[in-house]
Amino acid sequence: MSKQINVALIGNPNTGKTSVFNALTGLNQKVGNYPGITVDKKEGICKLPRGVKAHIIDLPGTYSLNASSIDENVVIELLLNKNDKDFPDVAVVVSDVENLKRNLLLFTQIKDLEIPTILAINMSDRMAYKGITLDIPLLEKELKTKIALISTRKKSGIDQLKDLIANYKELSLSPSLDASEIDNVYFDKLRKAFPNQLLYKLWLVITQDVNFGNVDRNEVEAINSFKTKSNADLKRLQQKETIKRYQFINNTLKKGQTIDLKTAKDLRIRLDRILTHKIFGYVIFFAILLVMFQAVYDWATYPTDFIDESFASLANWTKNTLPPGAFTNLLAEGIIAGIGGVMVFIPPIAILFLFIALLEESGYMSRVVFLMDNIMKRFGLSGKSVVPLISGNACAIPAVMAARNIESWKERLITILVTPFTTCSARLPVYVIIIALVIPEGSFLGLSYQALTLMSLYIIGFMTAIISAYILNKVLKIKSKSYFVIEMPGYKIPLFKNVALTVLEKTKTFVFEAGKIILAISIVLWFLASYGPGEQFNDAENIIKTENIALSEDDLEDKIAAHKLEHSYIGIVGKAIEPVIKPLGYDWKIGIALVTSFAAREVFVGTLATIYSVGSAGDNEETIKKKMAAEVYSNGDKVFTLASGISLLLFYAFAMQCMSTLAIVKRETNSWKWPMYQLVGMTLIAYIAALIAFQLMK
Amino acid sequence: MNTLVQNILAFVAVALAIWFLLHKFGVLPKKKSASSKACGKDDCGCH
């Protein structure tokens with residue numbers, strides 16, 4: 001039987017930790033959450049020499065073991081709780097060859113926990129370029145560890161790292177820093193009070209706000225013979241610890257590292273000068289956005305149409321092949337239509353995330369954050385608000401949580417309240433289909449009107465977020481202070497594997513997370529649209545036949561299906577809300593889609609696909625887009641016109657149509673007050689904007 | 001017979017879908033996992 005060991009990958013942000021994880025595990029990985037919190041947990045399996053298997057855990061990036069965020073707490077909790085099933089047999093600290101000094105702080109802290117620790121120095125391919133030379137044997141001796149010099153880009157050193165992991169039992173457990181050096185008297189008392197505990201672990205229990213399984217702060221404080229110091233004293237000792245560690249690191253690097261600045265050919269400085277320029281920086285960013293949205297339309301058209309047509313054919317085939325009955329109808333009109341409503345959006349979402357992954361991997365995204373900080377400040381937001389606002393383009397939920405690292409409560413609250421205005425990927429399916437339906441196909445300066453409309457919606461979302469922030473900043477009377485620090489990683493050519501894995505992971509999340517909800521709602525909707533109370537529903541056939549004797553059989557069937565839908569359960573609900581939404585240019589069927597998409601915006605298209613499938617008696621060969629385009633009112637006017645389309649786009653740009661975001665805002669603000677303000681405020685803005693747009697354009 | 005089976009399958013699918021949605025949006029309580037650690041509790045001090 002092969003043995004399995006736990007390996008924790010730890011490191012500062014932007015050290016290429018995820019690349020090392022990908023290099024070690026390949027496709028043998030899964031993403032989950034830590035119990036009780038929504039912080040990404042990546043795990044994978046790596047085969048090591050001599051049949052040993054390693055269970056690799058990619059921990060969130062952290063600068064030190066002095067936690068200031070939930071992400072960092074996760075690291076400390078795991079490293080201090082031996083009872084945790086994931087407690088590492090060996091820790092691999094991934095560091096960046098260009099930032100060794102800062103990275104070694106975390107290394108020395110982990111080493112002092114007496115966990116076998118390997119130092120993996122990544123990006124070694126940049127050493128010659130940066131004029132860096134390292135004396136590895138000397139560094140190994142000073143740091144009392146084994147070092148793997150690796151480059152995930154050049155695929156070098158990974159085998160050596162695997163060998164070191166397999167031989168982890170040979171690693172020295174001696175600490176880098178004797179904890180008692182921090183304060184002899186205090187640590188002496190501590191040692192006497194807890195003779196069986198590791199001194200540095202006790203120190204972390206006292207100074208960090210987390211639970212560590214078998215040792216907890218209350219236990220320490222309960223012992224009479226030992227009094228903990230005041231917070232101010234503890235902070236002073238923490239600072240002393242950091243100074244001592246840096247003294248040790250400086251001495252070590254003085255001996256083991258040389259940097260020849262003359263050799264360094266720094267393209268980075270020149271690139272930074274252009275990409276963060278106060279005019280060219282914005283022009284370049286704007287141009288990149290244009291290319292991105294043009295690509296979403298140009299590249300996604302063919303695969304999207306193919307998927308749409310395939311599902312329409314499958315639904316038709318199912319209905320014609322299986323024996324007639326309720327379940328066959330559910331399959332053709334509910335399940336297949338619902339799944340089709342999810343699958344058609346895989347191409348645009350994958351393309352969008354491909355661009356985002358390329359921008360992040362190349363190091364450009366950090367420059368965007370830096371660039372946008374100038375704008376943020378003018379609207380009363382923190383520079384740190386840029387991260388939630390930009391990540392809100394993927395999903396508002398992690399974006400709202402990303403606001404946790406904003407120290408000022410006022411700025412954090414404003415960021416949480418305005419982030420859902422930014423265009424999350426769930427809005428993309430709605431935008432893509434409505435734009436394709438109502439915006440003409442021409443182009444301006446080589447850019448299609450459709451791509452320009454899509455980009456305008458992203459800009460509207462972002463602008464609304466910062467204007468709302470400005471107003472909230474004036475309205476909310478909370479005093480606070482904040483500062484902005486951002487790390488600028490070096491520029492890199494994105495690694496294909498990393499980009500591919502990111503796109504795969506994000507697309508999978510959309511398909512499996514949103515897809516499950518869309519499918520379940522499609523099934524419920526099919527039921528509500530296929531059954532109804534009273535004579536008007538149950539006797540629809542006779543009523544229509546009596547009223548329309550002259551009609552052909554096909555027309556009669558269509559009329560019966562439409563009549564039944566109108567008097568089904570869903571029809572009754574839709575008709576009840578129609579007076580409220582009619583001024584916006586929507587009929588009761590769109591009204592149903594608005595109600596169901598409150599669960600998640602992307603449900604909108606799936607809902608219409610299900611309703612239109614049930615409401616037509618003809619074959620189901622028609623695609624979702626064609627069905628929507630063919631939808632007319634009783635007087636023959638089209639339902640989806642430029643006016644109603646723009647009204648819908650604006651409604652979705654502003655409305656808080658996401659139950660999960662409301663739940664996360666409640667959790668982050670610890671009150672229902674803020675999510676309710678958010679819901680009412682955003683819905684009002686959406687309703688007014690849609691109303692004005694439709695009334696002006698109709 | 002065929003109609004009966006089709007109806008049963010359809011209604012089971014609808015019931016499962018409703019159950020899933022109620023769970024997903026917190027209307028029904030979620031089952032706590034046995035491996036739940038200190039961090040999952042409100043009083044653990046890490047929230």
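Guide: A helix has an expected span of 1.5 Å times one less than its number of residues. Please keep in mind that this is a predicted model.

Visitor: How many residues has helix H1 of chain B, and what does it reach?
Guide: Helix H1 of chain B, residues 2–24, has 23 residues. From first C-alpha to last it reaches 33 Å, close to the expected 33 Å.

Visitor: Which residues of H1(B) are buried?
Guide: Those buried in H1(B) are Gln6(B), Ala10(B), Ala13(B), Val14(B) and Ala17(B). In an α-helix there are 3.6 residues a turn, so residues three or four places apart point the same way.

Visitor: Turning to chain A, why is strand E5 largely enclosed?
Guide: Seven of the seven residues of E5(A), residues 90–96, are buried, so the rest of the structure largely encloses this strand. On one side lie Val90(A), Val92(A), Val94(A) and Asp96(A), and on the other Ala91(A), Val93(A) and Ser95(A).

Visitor: Which strands pair with E5(A)?
Guide: Strand E1(A) pairs with E5(A) in the parallel sense over five bridges, and E6(A) pairs with E5(A), also parallel, over six bridges. In E6(A), Ala120(A) is the bridge partner of Val94(A). The chain passes from E5(A) through helix H3(A) to E6(A) in a right-handed β-α-β crossover.

Visitor: A new topic: where is Arg50(A), and is it buried or exposed?
Guide: Arg50(A) lies in the loop between strands E3 and E4 of chain A. Arg50(A) counts as exposed because it has 9 C-beta neighbours inside 10 Å. Although Arg50(A) is not a glycine, its phi is positive, about 60°.

Notes: Residues numbered from 1 in each chain as written. Chains lettered and ligands numbered in written order. Predicted model: local features only at pLDDT ≥ 70, side-chain atom pairs only at ≥ 80, totals over all residues. Helix = DSSP H or I, 4+ residues; strand = E, 2+ residues; numbered from the N terminus. Buried ≥ 20, exposed ≤ 12 C-beta atoms within 10 Å, placed from the backbone. Pairing = 2+ DSSP bridges. Right-handed = clockwise from strand over helix to strand, strands pointing away.
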